[in-house]
Amino acid sequence: MKKLLSVLPLLAVVIGIHFLTSATDTMYYLTQMTMSAYYALLIIGLCVLMGYAGQISLGHAGFFAIGGYLSAALTTRNLIPFQDTALVGLLDSAGMLLSGQDLYGEALLVVSPWAASLVAVSAAAVIAVIIGIPVLKLKGHYLAMATLGFGIIIYRVVLALEYFGEADGISEVPAFVLFSGLSVSGNFSDRVQNYYIAWGLLLLGMVLLLNLIDSRVGRALRGIHGSDEAADAMGVNTSRFKLQTFVLSAVFAAIAGVFLTHYNGGIGPSEAGVMKSVRYVAIVAVGGMAHLWGALLMGVVLNFLSLRGVFGSYDDAVFGLILIVIMLFAPNGILSLNLRHRLKRYLRQRKEDREGEA
Amino acid sequence: MTTELFIQYLMAGITYGSIYAIVAIGFNIIYNTTGIINFAQGEFVMFGGMIAITLLQFMSLPLAIASSVVITMLIGALIEICFIRWLKSPSVLRMIIITIGISILSREVAVHIWGESIRSLPYFVGNEISSVGVLGARVSPQVFWVVAASAIMVVCLGIFFKTTSVGREMRACASNRKAATLCGINTRNMVTLSFVLSAGIGALAGCVMSPITYSQYDMGTGLAIKGFTVAILGGLGSSGGAVAAGLLLGILEAFSVSVVPLAFQDAISIAILLTILFVRPQGLFGSKEAAGLSEF
């Protein structure tokens with residue numbers, strides 16, 4: 001309950017931003033705010049994995065892509081040619097298919113977004129388990145390289161398979177109707193509604209994770225981060241906790257992928273790229289690793305600036321630089337610098353100096 | 001498969017394999033002195049090729065390659081001095097993230113200097129269509145340059161580490177850093193030197209491979225992954241293992257083209273990496289104790 005209350009100020013900020021943009025006639029910012037919220041959802045998931053459990057992942061864009069691509073492909077690829085197969089028949093009788101017409105009036109049979117997103121997210125979870133069991137036994141550089149390798153395989157697969165649109169990606173992904181009247185889509189008229197869907201989802205995720213890290217699980221994770229062996233000796237099932245966190249963060253990434261893909265109406269191979277994974281790691285690092293609020297704040301702010309094109313063609317360079325500078329000078333994140341405290345100390349110092357001179 | 005085709009695949013495999021081996025040795029040199037994996041290793045190869053291509057406009061090919069190697073060595077030294085030298089016992093996670101950042105920055109610098117176009121050095125001897133007959137197969141003469149250059153580098157490094165006093169100091173630093181410091185070896189300089197060395201061999205590899213594989217700003221990541229695969233496969237820290245594993249991976253990759261589509265070629269070597277990491281993290285030739293001694 002307390003956790004619920006702690007996100008209330010954020011909710012107020014979210015509503016405040018809505019009113020501010022509508023008052024200043026800058027509602028177009030809401031589009032990027034919506035997208036940033038989805039990226040931030042992935043980032044807070046990764047934050048728990050990296051900051052609390054201490055396991056680096058350079059492959060989270062892969063999970064994002066699994067969610068996004070599967071959902072996109074299932075809801076756009078026509079199943080008419082396979083109409084008579086048993087699987088399609090089964091799906092149809094389960095009410096998971098939608099039929100309609102495409103642009104040229106041809107009959108179209110696709111998986112409904114609800115079913116597709118369920119399939120996509122569970123696929124990500126299953127893959128996370130399969131990958132996670134062996135990968136999480138590794139440490140340090142080995143873990144980094146293994147997850148990086150996983151990310152590259154996913155990138156290669158979406159780039160090579162025609163089903164995933166090769167270099168073009170998948171476009172014209174239909175809207176995801178959550179309930180009647182509430183749909184995730186890039187339609188101009190749905191902008192405000194989507195802004196609240198995205199932020200609602202992010203707040204929900206945040207409450208969940210805040211509760212998690214303050215529970216027995218969270219304490220176990222911090223124990224693992226401090227020392228694997230010590231946690232083991234205290235009776236913490238380290239490998240199970242690591243795996244659960246890995247899967248949880250993969251699910252967060254996949255959900256972000258599903259929603260953002262429906263919101264953008266498409267997905268391209270760059271979403272699966274190594275640079276994206278590195279960027280997520282960079283943002284978690286800037287936020288302060290074991291700092292959910294920092295991750296959320298930086299996730300929203302940096303993604304928003306990047307999406308607005310503030311960094312121009314230096315986009316990737318900015319994230320590389322941020323990564324280095326933060327790791328060199330403030331390995332505990334930007335918020336750990338405690339600027340107010342330093343400023344106070346500096347002012348006091350100056351005052352004393354002046355008094356000393358007088 | 002005919003004999004000619006077999007030889008063709010084999011030569012292609014050996015060419016790529018020797019490049020992977022050189023990148024892996026670059027990883028090893030830095031790993032041995034610092035205990036960190038330099039994720040920016042592939043970028044040294046890229047810089048070597050790109051700088052040589054640019055310098056070629058002003059000077060002859062051998063001079064351009066030599067200058068490019070020297071400049072890349074300077075870049076390597078600069079990176080170490082700016083980002084790594086003054087850190088006091090950083091955690092592995094921190095070092096990973098810093099070298100990843102360096103790799104991104106290097107790539108971005110390259111794309112802003114040279115653009116996204118694919119370039120290459122001219123063939124050292126002859127041109128694209130000249131070839132040498134090997135048991136009935138036709139092989140580009142550049143292949144021999146690559147293999148010879150890699151072999152010479154491996155031999156020279158071996159001699160350097162075994163016989164010269166600086167080489168011995170570096171090895172002392174690798175086996176026990178504290179003890180080396182106590183013996184009066186300036187370990188910090190050894191770390192800088194290891195960056196210089198691995199930048200240099202990376203750059204030379206980048207030059208000799210450029211006519212065949214071309215140079216592009218983003219070639220580094222792929223090479224780094226393959227080089228790391230090879231380094232692990234051969235046992236982290238072992239040069240001999242790196243050569244054997246490099247050739248093995250190169251040949252496997254070359255023959256895999258006849259079975260699976262080219263688009264999945266990278267995926268195959270990564271799958272090999274993952275399998276090795278899960279099954280034999282100490283490498284094919286490394287002993288269990290050696291793996292236990294390392295810091296992970």
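**Questions on a two-chain predicted model**

Modeller: In this predicted model, A:I43 touches A:Y280, A:I283, A:V284, A:A295 and A:G299, leaving aside residues up to four places away in sequence.

Biologist: Which residues have the most contacts inside the largest nonpolar core?

Modeller: They are A:I43, A:A254, A:A256 and A:V284, in a core of 202 residues. Helix α3 (residues 29–52) of chain A gives the most to this core, with 17 residues.

Biologist: Why is α2(A) said to lie largely in the open?

Modeller: A residue is buried if 20 or more other C-beta atoms lie within 10 Å of its own. Of the 16 residues of α2(A), the number that is buried is zero, so the helix lies largely in the open.

Biologist: What span should helix α2 (residues 8–23) of chain A have, and how far apart are its end C-alpha atoms?

Modeller: At 1.5 Å a residue, its 16 residues should span 22 Å; the end C-alpha atoms are 22 Å apart, and the two values therefore agree.

Biologist: What follows α2(A), and why does that residue count as exposed?

Modeller: A:D25 follows α2(A) and is placed in the loop between α2 and α3 of chain A. The cut-off for an exposed residue is 12 or fewer C-beta neighbours; A:D25 has 7 inside 10 Å and therefore counts as exposed. A:D25 is not a glycine, yet its phi is positive, about 60 degrees. Most residues other than glycine have a negative phi.

Biologist: What makes α1(B) roughly antiparallel to α8(B)?

Modeller: The axes of helix α1 (residues 3–34) and helix α8 (residues 187–213) of chain B come within 8 Å and cross at roughly 170 degrees. Angles over 145 degrees count as roughly antiparallel, and that makes α1(B) roughly antiparallel to α8(B). The residues of this contact divide into 14 nonpolar, seven polar and no charged.

Biologist: How many residues of chain A are in contact with chain B, and which helix of chain A gives the most?

Modeller: In chain A, 33 residues are in contact with 29 residues of chain B. α7(A) gives the most to that side of chain A, with 14 residues. By class, that side has 26 nonpolar, four polar and three charged residues.

Conventions:
Residues numbered from 1 in each chain as written. Chains lettered and ligands numbered in written order. Predicted model: local features only at pLDDT ≥ 70, side-chain atom pairs only at ≥ 80, totals over all residues. Contact = placed C-beta atoms within 7 Å. Helix = DSSP H or I, 4+ residues; strand = E, 2+ residues; numbered from the N terminus. Nonpolar A, V, L, I, M, F, W, Y, C, P; charged D, E, K, R; others polar. Core = buried A, V, L, I, M, F, W, Y, C linked by C-beta atoms within 7 Å. Expected span 1.5 Å × (residues − 1). Axes fitted to C-alpha atoms, helices over the stretch in contact; angles between N-to-C directions. Parallel < 35°, antiparallel > 145°, perpendicular 65-115°, else oblique.
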